[in-house]
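Subject: A structure for you to look at

Hi there,

Here is the structure I promised to pass on. Please open it and have a look around before you read my notes.

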Amino acid sequence: MSDNKEHLNFIEEIIEEDLQEGKHNGHIHTRFPPEPNGYLHIGHVKAITINFELAKKYGGSTNLRFDDTNPTTEETEYVEGIKRDIQWLGYTWNGDALYASDYFDKLYHYAEKLILDGHAYIDDSTAEQIAEMKKTPMEAGIESPYRNRPVDENLDLFRKMKAGAFPDGTRVLRAKVDMTSPNMHMRDPVIYRIKHDHHHRTGDQWCIYPMYDFAHGQSDSIEGITHSLCSLEFTHHRPLYDWFIEKLGIFPSRQIEFARMNVTYLITSKRKLLKLVEEGIVTGWDDPRMPTIAGMRRRGYPAAALREFCEKVGVAKRDNLIEIELLESCVRDELNKTSDRAMVVMDPIRITLRNYEENKTEYLTAENNPEDATRGERTMSFSRHLFIERDDFMENPPKNYFRLYPGGNVRLKNAYIISCEEIIKDESGEVTELICSYHPDSKSGNDTSGLKVKGTLHWVNAADAIEAEIREYDKLFTDPTPAGHDDKDVLDFINPNSLVINRKARLESSLSKAKPGQAFQFLRKGYYTADDEFTLEHPVFNATVNLKESFKVQK
RNA sequence: UGACCCAUGGUGUAACGGUAGCACUACAGAUUUUGGUUCUGUCUGUUAAGGUUCGAAUCCUUAUGGGUCAACCA
């Protein structure tokens with residue numbers, strides 16, 4: 001209907017309303033707040049693109065802030081990986097990377113202010129006792145016996161906590177909110193705990209650390225974040241987020257929640273992903289089967305395809321399960337435009353052209369990318385002995401088989417039309433060689449033969465074809481929602497054939513010059529990307545995504 | 001059993017009280033020196049019942065279904 005009218009998602013609607021009202025003087029500032037305790041995955045890609053694209057669209061910027069308030073689980077190693085992944089995706093954060101730990105002093109003073117104003121107290125109860133007193137969402141909680149401690153005593157104890165007077169777990173600082181709230185997060189949440197732990201940035205300077213709820217919103221506020229976008233499970237934290245802003249009288253960042261992305265055959269639980277690594281089911285966080293950014297990059301998924309995917313998925317609040325086909329479609333679409341073509345025979349059958357001179361070699365030209373003439377051409381050698389795909393020959397073909405069969409003609413891409421005249425088999429009956437003849441007047445670009453063929457095959461010259469390791473990847477799981485079964489573990493759905501290594505393939509010689517990370521379309525097969533381990537001596541290609549097939553050979 | 005959130009083709013997402021559209025998938029057909037790409041077409045949808053209104057996917061009520069929340073994790 002309104003084709004040229006732009007469709008806004010619900011967050012854009014909120015932003016445009018704010019803009020119209022002149023809120024924050026028209027400034028938009030977002031942030032991406034990862035915890036440095038693991039690698040980024042496809043779910044984070046959505047959060048990253050939403051935050052960065054929204055800021056870009058409305059002339060704002062995006063902070064990268066590491067939410068590093070738990071020294072026990074966080075490491076500098078992850079910080080570097082996360083930075084690299086975001087940059088690879090094509091985004092630049094505002095200024096230097098920031099850290100919640102940069103605000104530990106400020107946060108501490110916020111906490112003292114809360115105590116002074118009677119909004120927080122030290123609780124000597126154990127974790128178990130606190131949990132017990134919170135009760136369940138169905139019934140009101142009960143107040144801690146320490147809840148009405150005098151301000152002076154609270155302050156004194158908090159300072160002693162900070163000074164290291166108490167062992168881990170003996171006391172906490174709690175916000176004094178409402179133990180009867182139906183929202184569990186409002187039942188006097190713990191906001192500081194004692195942890196005599198080494199922090200990846202502040203070292204041993206602190207032995208008390210703020211909890212998420214007392215760090216995240218305040219960090220947003222300190223940085224002047226106007227729109228703090230997070231996933232739906234934080235909805236229940238929003239009243240608390242707002243409560244702290246109000247009690248502290250600080251910049252009013254606004255939290256907005258959207259539904260996280262689920263994709264068929266993919267899992268995004270850090271814990272489960274870690275398990276795959278630890279159990280050796282994959283080779284590491286960057287295994288091309290992993291839905292991590294590092295894994296997808298190694299698989300050959302272009303950053304632009306990932307961005308486009310998120311764009312197409314959209315943003316809303318309802319639960320969703322996106323078909324992986326959409327992701328693959330985005331990858332193909334991008335690679336079709338950008339990758340050079342090459343010919344690779346995965347499972348070779350030898351061809352001998354009986355009427356082609358034994359020692360002759362011709363050099364034929366092939367376009368690198370029919371979608372993009374600026375990619376130029378390359379040269380391929382051609383001679384009497386060639387390889388074609390085993391799937392491209394059938395002794396007894398079905399009626400709509402366009403490929404080679406006894407007595408049939410096919411074109412060899414960029415070369416000649418050939419006719420199959422004789423089949424040679426080994427003792428087990430397997431075809432080992434085809435004796436063919438070629439039609440000298442059918443050369444590509446110069447065809448005067450008048451012959452019509454239905455099929456065009458890819459091929460390589462036996463004389464200079466190279467060998468390589470080709471890693472064929474398939475889905476890691478056999479179930480579209482491996483993490484969605486209460487009675488089963490994701491490991492129950494591992495696809496035993498998710499990696500099949502092919503060492504018998506023969507590749508056109510130009511592929512020896514591939515660079516790690518470079519993607520190609522292996523003609524009529526799929527997109528393949530030179531692995532990080534690719535070398536001239538040991539070429540390795542990863543299957544990125546196959547080409548769409550509207551015809552499947554019946555076996 | 002409490003509170004909060006959500007409900008549009010197979011999937012995802014639009015339509016902001018006025019003809020339910022787009023993309024992916026699937027299936028046809030055209031083009032093609034890649035059974036790719038491109039192009040064209042087809043199939044399939046407003047959870048249910050009431051109400052408000054000239055008119056409801058949209059507003060109201062109820063029901064149903066799904067999700068989330070009870071870490072000194074984030």
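Predicted model: local features only at pLDDT ≥ 70, side-chain atom pairs only at ≥ 80, totals over all residues.

**Around the RNA**

RNA strand B is surrounded by 65 residues, and the closest are His 7, Glu 13, Arg 341, Arg 403 and Ser 444. Which parts of the RNA face the protein? Of the atoms of RNA strand B within 4 Å of the protein, 60% belong to sugar or phosphate, and the rest belong to bases.

The side chain of Glu 323 has an N or O atom 2.6 Å from a base nitrogen of RNA strand B. Lys 548 has a polar side-chain atom that lies 3.4 Å from a phosphate oxygen. The elements that give two or more residues to this surface are helix 5 (127–134), strand 6 (190–194), helix 11 (303–313) and helix 12 (324–338). Helix 12 gives the most, with four residues.

**Helix 8**

Now turn to helix 8, residues 238–248. Its buried residues are Leu 240, Tyr 241, Trp 243, Phe 244, Ile 245 and Leu 248. What covers them includes helix 4 (104–116), helix 7 (216–222) and strand 6. Just after helix 8 comes Gly 249, with a positive phi of about 65 degrees.

Enjoy exploring!

Best wishes

Terms used. Residues numbered from 1 in each chain as written. Chains lettered and ligands numbered in written order. Heavy atoms only, no water. Near = heavy atom within 4 Å. Polar contact = N/O pair within 3.5 Å; in protein donor to acceptor, adjacent residues only side chain to side chain. Buried < 20%, exposed > 50% of the residue type's maximum accessible area, 1.4 Å probe, protein only. Contact = heavy atoms within 4.5 Å.
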